[in-house]
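Subject: Structure handover

Hello,

Here is the structure we talked about. Please open it alongside this note, which sets out what was found.

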Amino acid sequence: MADDCAFCRNIEAGTFDVIAAGERVLVVADAQPINRGHLLVLPVRHAPDLVALTAAEVIEMALAAQRADRAIRSTFPSVDGTNLVMSNGDAADQGVLHAHLHVIPRLEGDGYEFREDVSRYPLPPLTADERDALRAAVSG
């Protein structure tokens, strides 16, 4: 547990609205939902972001997110789709520095938007060295 982590404190105190608990992850109701049924999937162990997760945690989180998505769609038949969103780091607007994946129910015209700033385009293409470095790092 990280003493300065709000999620760790909630896990320790048992104050999350837990929807499901696995060996390594929890599925909880988001305290500030974008839409009704908005869930978070997070590791029980403190890990600040995706990179800090173990392979087992990533797998369990992905499977829990899939189950959460199915549960949202079956519980709220009016849901038209979902967003799965994970922000990693301050620059990516990560509000709590404990890895977590949002599973957000979406409805046509719900008013919530992810906006792309098209004024930034076109971006310079990847260099051959950057592409090779990415390929090598992703391939492991």
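The protein chain has three helices and five strands. Helices (H or I, at least four residues) and strands (E, at least two) are DSSP runs, numbered from the N terminus. In order from the N terminus, the elements run α-β-β-β-α-β-β-α.

This is a predicted model: local features need pLDDT of at least 70, side-chain atom pairs count only at pLDDT 80 or more, and totals for chains, interfaces and linings use all residues. Residues are numbered from 1 along each chain as its sequence is written, and side-chain values use heavy atoms, with hydrogens and water left out.

Confidence comes next. pLDDT is the predictor's confidence in each residue, from 0 to 100. The chain has a mean pLDDT of 95, and 100% of its residues reach 70 or more.

Now the overall dimensions. The C-alpha trace spans about 50 × 40 × 25 Å along its principal axes. Of the 140 residues, 29% count as buried. Buried means under 20% relative accessible area, exposed means over 50%, and partly exposed is in between (1.4 Å probe, protein chains only). A contact means heavy atoms within 4.5 Å. Of the contacts with a separation of 6 or more, 53% are between residues 24 or more positions apart.

The sheet

The five strands form an open sheet. Their order is β1-β2-β3-β5-β4, and the pairing is antiparallel. β1 (18–21) and β4 are the edge strands; each has a single partner strand, so one side of each has no neighbour in the sheet. On average, neighbouring strands are turned by 20° against each other, direction ignored. Two strands pair if DSSP finds at least two bridges between them.

Here is the pairing, strand by strand:

- β1 and β2 run antiparallel and are joined by three bridges. Alanine 21 stands opposite leucine 26 in β2.
- β2 (residues 25–29) pairs with β3 in the antiparallel sense, over five bridges. Leucine 26 also stands opposite leucine 42 in β3.
- β3 and β5 pair in the antiparallel sense over three bridges. Leucine 39 has valine 103 in β5 as its bridge partner.

How well covered is strand β3? Five of the five residues in β3 (residues 39–43) are buried. Leu39, Val41 and Pro43 point one way, while Leu40 and Leu42 point the other. In a regular strand the side chains alternate between the two faces of the sheet.

Asparagine 83 is in strand β4. Its side chain and that of arginine 106 are joined by a polar contact of 2.6 Å. A polar contact is a pair of N or O atoms within 3.5 Å; within protein, one must be able to donate a hydrogen and the other to accept it, and residues adjacent in sequence count only if both atoms are side-chain atoms. Leaving out residues up to four places away in sequence, asparagine 83 touches His102, Val103, Ile104, Arg106 and Phe114.

The helices

α2 lies across β2, β3, β4 and β5, and runs at about 165° to β3. Axes are lines fitted to C-alpha atoms, for helices over the stretch in contact, and angles run from 0 to 180 degrees between N-to-C directions.

Valine 58 is in α2 (residues 55–75). Is valine 58 buried, partly exposed or exposed? Its relative accessibility is 33%, so valine 58 counts as partly exposed. Beyond its neighbours within four places in sequence, valine 58 is in contact with Leu50 and Leu53. Valine 58 and proline 43 are 15 residues apart in sequence and 8.7 Å apart in space, C-alpha to C-alpha.

α3 is another matter. Of its 12 residues, the number buried is zero, so α3 lies largely in the open. Glycine 140 follows α3 and has a positive phi, near 90°.

Two backbone points

Most residues other than glycine have a negative phi, and most peptide bonds are trans. Aspartate 93 is not a glycine, yet has a positive phi of about 65°. Aspartate 93 is in the loop between β4 (81–85) and β5. With 68% relative accessibility, aspartate 93 counts as exposed.

The peptide bond from tyrosine 121 to proline 122 is cis, with omega near 0°. Proline 122 is in the loop between β5 (101–106) and α3 (128–139).

Best wishes
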